[in-house]
Amino acid sequence: MGAEGLIGREPLLARLADAVERAEHGDRVALLVSGEAGIGKTSLVRAATAAAARRGHRVAWGSCPDTPGVPGFWPWTQVLGALIRDLGAAAARKLAGDDAGLLAVLSPALGSVGRNPATDRDRLLLLDATTRFLDAVAADAPVVIVLDDLHWADDSTLALFDFVARSPVAARLCLIGCFRPDELRSSIRDRLLSAGEVVPVPGIDADAVHRLMESVRNTAVDPVDAAAVAARTQGHPFFVREIALLPPGGTDQVPAAASDLIARRIGRLSDRTRRVLEAIALLGTTPRPDVLARALELDPTVVADATREAVAAGVLLPDGPRFSHDLLRETVVESVPAADRVALHHALGEALTDRADRAGDVAPTELARQFVAAVAVDGPDRALQWALAAAAADRDALAFDEAAGQLRRLRAAVADAGLELAPAAMFEVLLLEADALARAGEMIEARGLLRAATDLSRRTADPDRIARAALAVTALGARFAVRRDDVVADLTAALDAVRGIDDAREAEVCATLARELQHSVAADRPRAGPLSEHALRLARKAGDPATLLASLFARHDVLWAPGTAPERAELAREIVAVADACGDPERRADGLLLLATALLEEGSPAFEPALDEALALLDGLGQPRHRYLALTRRACLALLRGDLDAAEDLIERAADLGDRIREPDTGNVRMSQRIELVRARGEAAELLTFAAEAVAHWTGVPIHAHAVAAGFCARGGDLAAAERHLRTVADLGGWRAETSYLRAVFLRELAEAAIAVGDRELCADLVAHTEPLAATCGVNASVVAFAGSWARTAGRLAATLGDAAAAATLLERAAATHRRLGATTFDDATAGGPRASFHRVGTGWQIGWDGESALLRPARGLTDLAQLLAAAGREVHVLDLMDAADRSGPAGPVADAAALRAYRRRLAELEDSGSSAPERAALVAELSRLTDRQGRARNWANSTTERARKAVSARVRDAIRRIEGDLPDLAAHLDRTVVTGNYCRYRTDEGVEWDVRVSPGHSSGQRT
């Protein structure tokens, strides 16, 4: 017995072990282990008895053979023979005593047979003698007796089992019988089941099935596959093992060994029961007695009797009834000859139709199953009728895979029967099946069906079908900003076909064409506006709500550009209202997303309730595409709130789902959200890597790709690369005409690069494009990613151009907007003091002071200043600034004479003016720390430190002089607040708010 035989059997094994232990302590125990063939009864009992043998128990087995002519008591003959061999013949005869001659009837090893049990009295004496002998053996050591296959036992064997089990004498004896309940003769059922405690052996659970399959295959098994096998076999270990041994891809077959075992089991049933089982198997649902009786032309009482026989045999479960596991049903189905199977399906279909007419409780799926299978004899009409009805019911229940399966089976059955559906019917089937597949995320298969529908519509030259096929293809979606020539051509042809025939259909096609053109490449977009206006006029005239919705969406998308939020918000509100009137929650959710987008662009916190309602609707709809939309929008919200870890998790989960359901714009959405994630993290290596990814990804919109790359290279400190990407954008031309919702990110990153490289001409150009939008925010697509307040970009550009007043106003507006929205991933000035920045850009430094900025060449003193600013208020040893380690040696002054003179001069100025008490107190404290009571500089003991002190002091003062040429106010501030000496420090008493980045793209987060 292998270890796999006991997988999942731990509770049952513990139960048997408990029974053996009770016997060991003097209790006579009788167990009856019950289960169908192959369920693992024998393996279970062998494991328990092996454990008992290791503990010193005597174990003896007997088996009831399924063979005619076997003498009575045969299993007991095997048991006694095993015990006698274990004891030795002499010891056994001694234990038998005067009963030896009687017991020799069962085991000749005990001596000569006294007389055969010819009368009932003799038979009773034999039973009593056997029981006394077993009790005597058990007195020496506990005994475990196993009688296997008791369902085949003769009456004598069962009588002795019952007699031994019921003996009132205490004995260390455990009696175990194993039987199959489905093969137990009714004449002995009650007698046997009352002889001991019944221990049913069910199938193993799903986890055990998984472990068993991995043990058999000796490799990992997909848990989903294991769960399917568990459901199909109800955990029957033999069937599980046989399926696990099938080659890859063949696990949907019925293994030959399993089929043989099931066939033998069913073969024991009567002919009428097998006929009823065939009908139940083909029904595939809970059988109804009247349906079975009518289909089989049997009396209902005959059907009831046959059902009871199948339940008693364990083939059917009593609750339904239904097959105890799918392998049984599959084997029964395969046993029915093909011609008989088709005829029986037809009969079942007629019987179900009759019941539907009488009781009305038959589901379309039940009728579709029978008439599709019977299409060869019934024809395609009823199969089509019920397949369409079943698919509609599945679609309403959001069971899209099942809906597609109904129609796929119909097409296959019609083709296999050598028949054809009428063109109009085939067109409907193809469109509905494609729609179901698309909703289930099977986009490639859906497109294939729609190609067939398009070809069919053109062959029949039906305008409405041409239009519907083109609209269905468009509904599958496409990536933003890529050419859609095929789709546009199909829609254009459809528009020509329906023009002037049907206002509603013309409006729908016209609106869809407008949306496709708007979301295509920039060259196609000018055609979209007039088409959207025409579609909306026709839709309002036609008075059809669904058509009006399509036209409102088109008009919204054509207007979708920065600065149009108020008009789009009104359109979105109308979309929500019309969707409500139509009872269309999906369109309502789309409208709410558009409304949330417009409100977010306006900087209104009201965007969040609209978004929350949209997400609740999407969650309730439950389709894969809806789950994808909800995940991506929750990622946008997490980005807005600065919860970057959660945002990254949501982005990747959404992308994984989008890829699995083949959502066409998954890549664009993921990249658009990663723009904000990578920007907010500000890690130089990641910024530069993403710049390269942007160029590789947005091949359809190279201007956008290189603008993003320019900004991220600038953020990552590679100014040379940023300049190259800026030149590429300029050479491509047309960036000023880019008006899609990508514009917010596009211009923001252009500005980032222009500021970093000092391109004042481009900065001035960008101010003209961004300042008019300063009252609004940038939002990428429909709540895909928040790009920040336009005022922030305009303010930073104004600061670079030296317009400090405009910069301060714009940046304060941006900060207020971000605070109002709860946006935390943008560097906004919020303190009342001056605002300043010190950023590493490549090898140089970009510095800013109260709206003005300058780019300085690299210098060691600037690096020293950056480190002091990053550690504001804390002392930094000069050796840390010099990257030295030796802090021992002769004495040296803490601060140089020039520094002391500067402090004393400033103190005198403050005393003369009688103002700035806090600064005066800080200077007095600093002089006390740096000088002794005689006013002399304090010393440190380190000659290396002294040299470092002088070098750092000179470097810092040189850096301040460099800054003075571009930003004199900043230089004056640093001259007052930077203390040099053996320990250097930046004083924080002037209320300056600093943004310090001591390495490219990495913010220290220091605010002072």
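Which residue is the bridge partner of Val876 in S17? The second point below gives the residue.

1. The model is predicted, with local features needing pLDDT of at least 70, side-chain atom pairs counting only at pLDDT 80 or more, and totals for chains, interfaces and linings using all residues. Residues are numbered from 1 along each chain as its sequence is written, and side-chain values use heavy atoms, leaving out hydrogens and water.

2. Cys984 of S17 is the bridge partner of Val876. S13 and strand S17 (residues 983-986) run antiparallel and are joined by two bridges. Strands here are DSSP runs of E with at least two residues, helices are runs of H or I with at least four, and both are numbered from the N terminus.

3. The open sheet has three strands in the order S13-S17-S16, with antiparallel pairing; two strands pair if DSSP finds at least two bridges between them. Strand S13 (876-877) and strand S16 (978-979) are the edge strands, each pairing on one side only.

4. Helix H42 (residues 860-870) lies across S13, S16 and S17 and runs at about 70° to S17. Axes are lines fitted to C-alpha atoms, for helices over the stretch in contact (heavy atoms within 4.5 Å), and angles run from 0 to 180 degrees between N-to-C directions.

5. Elsewhere, helix H26 (residues 503-518) packs with helix H27 (residues 528-542) at an angle of about 155°, their axes 8 Å apart. The two helices are therefore roughly antiparallel to each other (angles over 145 degrees count as such). Residues making the contact include Cys510 and Leu513 of H26 and His534 and Leu538 of H27.

Terms used. Angles under 35 degrees count as roughly parallel, over 145 as roughly antiparallel, 65 to 115 as roughly perpendicular and the rest as oblique.
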